[in-house]
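Hi,

Here is the structure I promised to pass on.

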Amino acid sequence: MPWFASLRDTAKAGLTLDRALSDPRRAVRGALAVAIVVFPVLALAGPALATSAAMGAFIAGTATFQRSFRPRTSLAVGAGIGLGLSTFLGYLAVGVPGVFPVLLALWAFGAGMAWAVGPTGGVVAATTVSVMLVVVQLPVSVGTALGHGLLCALGGAVQALVVTLWPIDSWGAQRAALADTYAALADYARRLRQDPMAQVDPEPFFLARQAAQLTPWQQRRRPAGLRGLRGLAEKVRPAMAALADPRVGAPAEGPARDRAREILAAAAEVLDALARAIRSGDSYRPPRSTPSLALFKPDDRPALSGAARRSARRLSGLLSRAVDSLDKQDQSTISGPATGPGLHRPPLLRVLPSALRTVRRQMDPHAAVFQHAVRLSSVVTGSYVVARLLGVRHGYWAPMTAAMVMRPDFAQTYSRGVARLAGTVAGVALATLVVRLFDPGEWLSAALAVVFIAGAYLTMRTGYALTTTCMSGYVVFLLGLEDVDPTQTAVDRVAMTLLGGAVALGAYALFPTWHTARLPERLAEYLAAAGRYATAVVNALGAPGERNARAVTETLLDLRETRSEMLQAQERADAEPHRDPDRLTELPRKQLDRARAAVALLSRGAMLMEAHLPPADSPPLPGTAEFAEELRDATAIAAAAVLLGQPPDFSGLRAAHERWDAQLAALPTDSGAEDRGGVARSGARLLMQALADLEKAVRPRRPAEPARPVPSEA
C-alpha cells in the first residue's frame, strides 16, 4: 500500500467514532471508586496527594475495562501496585539531577517489553509511564514520596474493593466468548452446505480457550452453564467438516448429499439456539422448525453410509450432549467445582515466572517487541529532555503523549497518534474554557475530574479520539488544583502534545518494525504447528490410546494459536505502507498466500481424520508409527526451509506414504480395521496433496530469460 493511502486510512480509522458505549453501570462504578479516593484525600491531605490517589484509581479502573478473562479485582490490584511503584521511584529520582531521565528510559523500556505478555499488560505498563511523568511534576519532598506511591496503590485497591462489592456481569466475557464459538459453528455449518471446503474462523475458538483458563477462585464459582461446553464445541467442528467433505464424507451429488445438507441446516439452528442460551444464561429453547427436529429423529430417508454416516451420528450425539448439559443444569445458580475440560490458570503471582520467561524470549534485537521497547524508551526520554531544555512548564505532556500513542505495529501507532492529537486538543480546549469562564475551586475541579473520568470510561468502545478528549479534560481539572494561568497552561499542553505525537510518529517512520518482513517466520511457525497436529492425528487414528488423544488436543490448540498469529501479522502487514512489499521478504506476497492456503489444507486434512478417531481399545493400523514419524520430521524441516528461503523436500515422506498406503490397502476385510484404514488412506492423500501444493507455492521463481535480439534486415 502506498504511503499516502496508508496514512490516510490509519488517520481515518483513528478518528472514526462508533455508536457503541461501555456499560453505563461499569462507568459509574469506576468513577465512584475514584470519587471515594479523591474527596477524602483532598480534605485530609490537600491537592498534591489527592492527585496521586486519583491517578492511581483512574488508571486501575481503566485496567478493568481491558479485554481480559481474569477477575477484574486482579487487574485493578496489579495496576495499582505498578502505579505505586513507578510513582515512588519517580519521586525519588526527580530530586537528583540527571537520574530521572535514566529511570524514565529504563521504565519505558520495561513497559515496551510488557507487550510480550499481551495487550493488556502493554497498555497498563504504558499508563504507569504517563502517571510517573504527571505526578512527579507536583512539588513534594523526598520524605513524602512513599506516601504518594502508597496512595496510587490505594487507588487500585479501592477499585478492586468496589468491583468486588458491586459485581456487574462477572461472567459476561466468558459467556460471550463461548457463545461466539457456537455462533461461529452455526455460521460454519451454513457455509458448509454450499461450500464443503469452507474454512472456520479460528478467533472465537482461541478466545474461548483463553476464557476457559480460570483461576482457582473462578473455578469454584463458575456458573454451571459454562462447564464442559467448550470441549464439545471443539469436537463439533471436525464432525461437520468430515460430513460435508466429499472426499471422506457424503458424495458430492445425490440423495446422500441432500441428506447431509439437511443435517447441516438442522445443526446450524441448534447451534444458534445454544449460542443464545449461553449468552443470556437462560434455559435452552429448541428451534421449532422441521429440519432441526429431523436431526434427532430416526432417518427413514436415503441413509448415509460409511464414514459419512459415522460423522452424522457423531455430530448428532455431540449436539445432544450439549443440549442435555444446558437442560440439566440451572444456569442461574453458582455451581461447585467444575468437572468439564479446560485448563486451570494459576493465580497472578504464580504467573510472574512464566511471564518473565516470555519476556526473556523477546530480548532479541530482531524481535518486534524488543524493537518497540527500544523505540518507546528513546522517544519518551528524548521528548522529556527536549521539553526540559525548552523550559516549558508543562513539557511532560510531550513524553506522556508518546508513551500513550506508541504501539508495536504501524497501524495502531498512527491511528492512535492522530486520535490522541485530536482528542487532546479538544479536551484541553474544552476544560480550559470551563476553567476560564467559571473559575472552579478545588472541590468543584475534583468533581469535574470525576465526571470526565466517567465520560472516559463510558466512551472506551466509542473511539480513542473521544476517550482521549475526556481523559485530557480530566487531567486538566485534576492538575487545575494548582494555582496557574489556565490559558498559558492550555497553550503549553497543546504544543507539547503536538510535539510528542510528531516525535512518536516520526520515530516509527524512521525506525519501523515491518510485519511484512516477518510473514515468512509466521508461516514457518504455522507449518510446523500444522505438521505436529497432523502427526498427532495420524498417531491417534492408527494407534489409539489416551496419550495420543491428549496429544491431538494439545497440538490443535497450538495450531490454532499460531494460525491466529499468522492472520494478525498478515492484517498488520496489509496496513503497512510500502512501494514494493516483496522486497522486504524472501517470498513474494502471492507465494506467501498460496503457501498459507496449502498449510490450511494440511490442517484441514488432519481435522477430517480427527473426526473419525476410534475408541482407545481399537486395534492399531500397521505402519502408522513410521509414517507419523516421517511426517513430523518432514514438516519440521520444511518449516526451517521456508524460513531460510529454500524449497522443501518431501521425497522421503512420499516414500513412507507409499509404504503405509500399501499396508492399509492390504488389510483383510474382516479385520475390523479395514473401514478405518480407508479413512486413513483418504486423509493421508489429502495431507500429501497439501504438501505438494506447498512445494509449488514456495518454489523459487525462475529469472526471466533475456530477450533475444531481433536480427536486422540486410
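Let's start with a helix pair: α2 (residues 24-45) and α19 (residues 442-458) pack at an angle of about 155 degrees, and their axes are 8 Å apart. That makes α2 roughly antiparallel to α19, a label used for angles over 145 degrees. On the α2 side, the contact (heavy atoms within 4.5 Å) involves Pro24, Ala27, Gly30, Ala31, Val34, Ala35, Val38, Phe39, Leu42 and Ala43. From α19 come Glu442, Trp443, Ala446, Ala447, Val450, Ile453, Ala454, Tyr457 and Leu458. By class, that is 17 nonpolar, one polar and one charged residues. Helices here are DSSP runs (H or I, at least four residues), numbered from the N terminus.

Before you read on, this is a predicted model, so local features need pLDDT of at least 70 and side-chain atom pairs pLDDT 80 or more, while totals for chains, interfaces and linings use all residues. Numbering runs from 1 along each chain as its sequence is written, and side-chain values use heavy atoms, without hydrogens and water.

Next, have a look at helix α17 (residues 397-405), which is mostly covered: nine of its nine residues are buried, meaning under 20% relative accessible area with a 1.4 Å probe, protein chains only. Among them are Trp397, Pro399, Met400 and Met404.

Finally, where does serine 86 lie? Serine 86 sits in helix α4 (residues 72-94) and is buried, with a relative accessible area of 0%. Leaving out neighbours within four places in sequence, serine 86 is in contact with Trp107, Thr128 and Met132.

Cheers

Key. Helices (H or I, at least four residues) and strands (E, at least two) are DSSP runs, numbered from the N terminus. Buried means under 20% relative accessible area, exposed over 50%, partly exposed in between (1.4 Å probe, protein chains only). Axes are lines fitted to C-alpha atoms, for helices over the stretch in contact, and angles run from 0 to 180 degrees between N-to-C directions. Angles under 35 degrees count as roughly parallel, over 145 as roughly antiparallel, 65 to 115 as roughly perpendicular and the rest as oblique. Ala, Val, Leu, Ile, Met, Phe, Trp, Tyr, Cys and Pro count as nonpolar, Asp, Glu, Lys and Arg as charged, and the others, Gly among them, as polar.
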